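Visitor: I have some questions about the labels used for this model. Please set each value against its cut-off.

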Amino acid sequence: GGKALVVLDKGDGAPPLTLRVDTIMLSAGRDANSGGLGLEESGVKIGKYGRVVVDEDCHTSCPGVWAVGDVTGPPGLASVAQQQGRHVGDLIARQLSAAAAAAEEEEE
């Protein structure tokens, strides 16, 4: 029954936080829950650990399909998924605006 010493250093120049704890739990190596969705049959490439393969803009290998969040790999953080979701939403909105503008030009 000894205690473990944990030092948390955010790397921002602030003094590190030191804790003495009874137990340390690490959750790592989660697999994506992408099986059974028909992604591969749709042309979406699945990589290691069931993760959906995406580029820097969250595009998958299937045109018009994006993926965000834990299913694309680490880091599995809600804030990362939110940022990815906002980015993809902006990309889609720009595409729709460009398509609408092109359609209006054709009508003139």
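Guide: Start with valine 65: its backbone oxygen lies 2.8 Å from a polar atom of the side chain of threonine 60. Keep in mind that this is a predicted model.

Visitor: What makes the pair of valine 65 and threonine 60 a polar contact?

Guide: The cut-off for a pair of N or O atoms is 3.5 Å. The backbone oxygen of valine 65 and the side-chain polar atom of threonine 60 are 2.8 Å apart, so the pair is within the limit.

Visitor: Which backbone nitrogen lies 3.1 Å from the side chain of threonine 60?

Guide: That of cysteine 62. The limit is 3.5 Å, so this distance passes too.

Visitor: Where is threonine 60, and why is it called buried?

Guide: Threonine 60 sits in the loop between β2 (17–21) and α1. Its relative accessibility is 12%. Buried means under 20%, so the label holds.

Visitor: How do you know whether cysteine 58 is buried or exposed?

Guide: Its relative accessibility is 4%. The limit for buried is under 20%, so cysteine 58 counts as buried.

Visitor: What about phi of tyrosine 49?

Guide: Tyrosine 49 has a positive phi of about 60°, although it is not a glycine. Its place is in the loop between β2 and α1.

Visitor: Why is tyrosine 49 called partly exposed?

Guide: Its relative accessible area is 44%. Buried is under 20% and exposed is over 50%; tyrosine 49 falls in between, so it is partly exposed.

Visitor: Which peptide bond is cis?

Guide: The one from proline 74 to proline 75, with omega near 0°. Proline 75 is in the loop between β2 and α1.

Visitor: How many salt bridges does a search of the whole structure find?

Guide: It finds 1. The side chains of lysine 10 and aspartate 12 meet in a salt bridge.

Visitor: What makes the pair of lysine 10 and aspartate 12 a salt bridge?

Guide: The N to O distance is 3.7 Å. The cut-off is 4 Å, so the pair qualifies.

Visitor: Which backbone nitrogen does the side chain of aspartate 12 reach?

Guide: That of alanine 14, at 3.0 Å. Aspartate 12 is in the loop between β1 (4–8) and β2.

Visitor: Which residues form the nonpolar patch on the surface?

Guide: Leu8, Leu17 and Leu19, with about 250 Å² of accessible area together.

Visitor: Which residues gather in the patch of negative charge?

Guide: Glu104, Glu105, Glu106, Glu107 and Glu108. Glutamate 108 is in the segment after α1 (78–107).

Visitor: Why is glutamate 108 called exposed?

Guide: Its relative accessible area is 79%. Exposed means over 50%, so the label stands.

How values were computed. Residues are numbered from 1 along each chain as its sequence is written. This is a predicted model: local features need pLDDT of at least 70, side-chain atom pairs count only at pLDDT 80 or more; totals for chains, interfaces and linings use all residues. Side-chain values use heavy atoms; hydrogens and water are left out. Patches are made of residues with over 30% relative accessible area and no salt bridge: like charges are joined within 9 Å, nonpolar side chains (Val, Leu, Ile, Met, Phe, Trp, Tyr) within 5 Å. Accessible areas come from the Shrake-Rupley method with a 1.4 Å probe; for residues, only the protein chains shown count as cover. Lys and Arg count as positive and Asp and Glu as negative; His and the chain ends are not counted. The place of a charge is taken as NZ of Lys, CZ of Arg, CG of Asp or CD of Glu. Helices (H or I, at least four residues) and strands (E, at least two) are DSSP runs, numbered from the N terminus. Buried means under 20% relative accessible area, exposed over 50%, partly exposed in between (1.4 Å probe, protein chains only). A polar contact is a pair of N or O atoms within 3.5 Å; within protein, one must be able to donate a hydrogen and the other to accept it, and residues adjacent in sequence count only if both atoms are side-chain atoms.
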